[in-house]
Amino acid sequence: MAALFLVTLYEYSPHFYIAVVFTCFIVTAGLVLGWFGWDVPVILRNSEETQFNARVFKKQMRQVKNPFGLEISNPSSASITTGITLTTDCLEDSLLTCYWGCSVQKLYEALQKHIYCFQISTPQALEDALYSEYLYQEQYFIKKDSKEEIYCQLPKDTKIEDFGAVPRSRYPLVALLTFADEDNREIYDIISMVSIIHIPDKTYKLSCRILYQYLLLPQGQFYDLKQLFMSANNSTPPGSSSPEEDSADHSLLEKAGLPGSAADAPEESSKDCVVCQNGAVNWVLLPCRHTCLCDGCVRHFQRCPMCRQFVQESFALRSCKEPDKDKPKPL
């Protein structure tokens with residue numbers, strides 16, 4: 001009945017025919033104009049195009065000097081039974097305090113106490129916040145700008161060979177870096193750094209790595225220190241692991257619910273923009289953290305050219321007014 005009504009309306013009403021043709025024309029014109037980048041009503045675009053044309057906000061960043069540095073030396077040789085070697089790089093005399101088998105729940109409760117209760121600026125403050133929920137503690141004095149290697153190991157009398165199956169209630173190692181001199185806390189914006197380190201054992205053979213690093217501020221705040229992914233011309237960086245080891249690590253990370261992108265990112269050294277291959281890389285894209293665009297190319301992209309993820313925010317590594325040290329000065 002409805003079909004008969006439409007056929008009758010089509011045959012005897014020229015206004016209906018004109019309306020159909022006009023609607024088709026409007027839709028076709030909107031699609032053509034949108035294809036060429038002209039401004040058309042949002043109702044004629046799909047959701048992906050609407051998100052692509054969203055404005056990218058630029059963050060205003062403040063430069064902060066981090067007085068603490070911690071890296072793992074020879075991570076392939078580290079294990080629960082043989083220990084681990086840590087390399088420190090501190091701008092002032094500091095204390096390195098290592099907590100073996102630290103409780104996961106108590107550690108994050110301690111970070112919350114730094115916000116709401118008291119500052120975690122000394123090893124004693126962290127011990128009070130942890131309620132001694134760790135298996136063993138050791139402490140080392142770090143000289144200023146020494147870059148010395150510290151060997152840490154669980155005592156053999158503990159007879160600990162693993163920390164159980166995933167998910168775990170304890171981190172293998174938590175390293176705290178604090179100032180040895182209290183006066184230095186008033187000089188820097190960062191008063192301590194907490195590093196959560198995974199060490200392989202019999203049960204969980206994920207390669208040794210730093211899982212998280214938290215920078216603690218005197219105002220009762222802490223920030224998660226994350227790695228930036230630089231663009232690279234070299235496809236295989238030196239010292240990279242085999243594809244079999246990478247796939248095994250990825251499966252272990254997924255099983256534990258840990259982020260694998262930051263931990264597995266290779267050290268990359270290129271400084272050229274991936275688009276123009278001429279300008280110096282200066283812009284960090286968020287949330288993917290790829291650092292791959294120069295000042296001239298960043299304004300033309302709403303998607304990251306490396307991973308094709310939509311860019312929500314971005315910030316410059318250095319100010320555009322700052323002179324480029326790589327370029328020769330004119331005579």
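Colleague: Is Glu186 buried or exposed?
Modeller: This is a predicted model, in which local features need pLDDT of at least 70 and side-chain atom pairs count only at pLDDT 80 or more, while totals for chains, interfaces and linings use all residues. Residues are numbered from 1 along each chain as its sequence is written, and side-chain values use heavy atoms, without hydrogens and water. Buried means under 20% relative accessible area, exposed over 50% and partly exposed in between (1.4 Å probe, protein chains only). Because its relative accessibility is 73%, Glu186 counts as exposed.

Colleague: Between which strands is the place of Glu186?
Modeller: Helices (H or I, at least four residues) and strands (E, at least two) are DSSP runs numbered from the N terminus. Glu186 is in the loop between strand S7 (170-179) and strand S8 (192-198).

Colleague: Which aromatic pair does Phe68 form, and what is the angle between the planes?
Modeller: Rings of Phe, Tyr and Trp (its six-membered ring) pair if their centres lie within 6.5 Å; planes under 30 degrees apart count as stacked, over 60 as edge-to-face and the rest as tilted. The whole structure holds 7 aromatic pairs. Among them, Phe68 and Phe179 form a tilted pair, 4.8 Å centre to centre, with the planes at 45°.

Colleague: How many residues apart are Phe68 and Phe179?
Modeller: Phe68 is buried, with a relative accessible area of 4%, and Phe179 is buried at 2%. Phe68 lies in the loop between strand S1 (57-58) and strand S2 (70-73), whereas Phe179 belongs to strand S7; the pair thus links distant parts of the chain, 111 residues apart.

Colleague: Which residue forms a salt bridge with Glu133?
Modeller: A salt bridge is a side-chain nitrogen of Lys or Arg within 4 Å of a carboxyl oxygen of Asp or Glu. The structure contains 5 salt bridges. Glu133 is partly exposed at 30% relative accessibility. With the closest N and O atoms 3.8 Å apart, its partner is Arg170.

Colleague: How many residues apart in sequence are the parts that Lys202 and Glu161 tie together?
Modeller: The closest N and O atoms of the Lys202 and Glu161 salt bridge are 3.0 Å apart. Lys202 lies in the loop between S8 and strand S9 (209-217) and Glu161 in the loop between strand S6 (149-152) and S7, so the parts tied together are separated in sequence by 41 residues.
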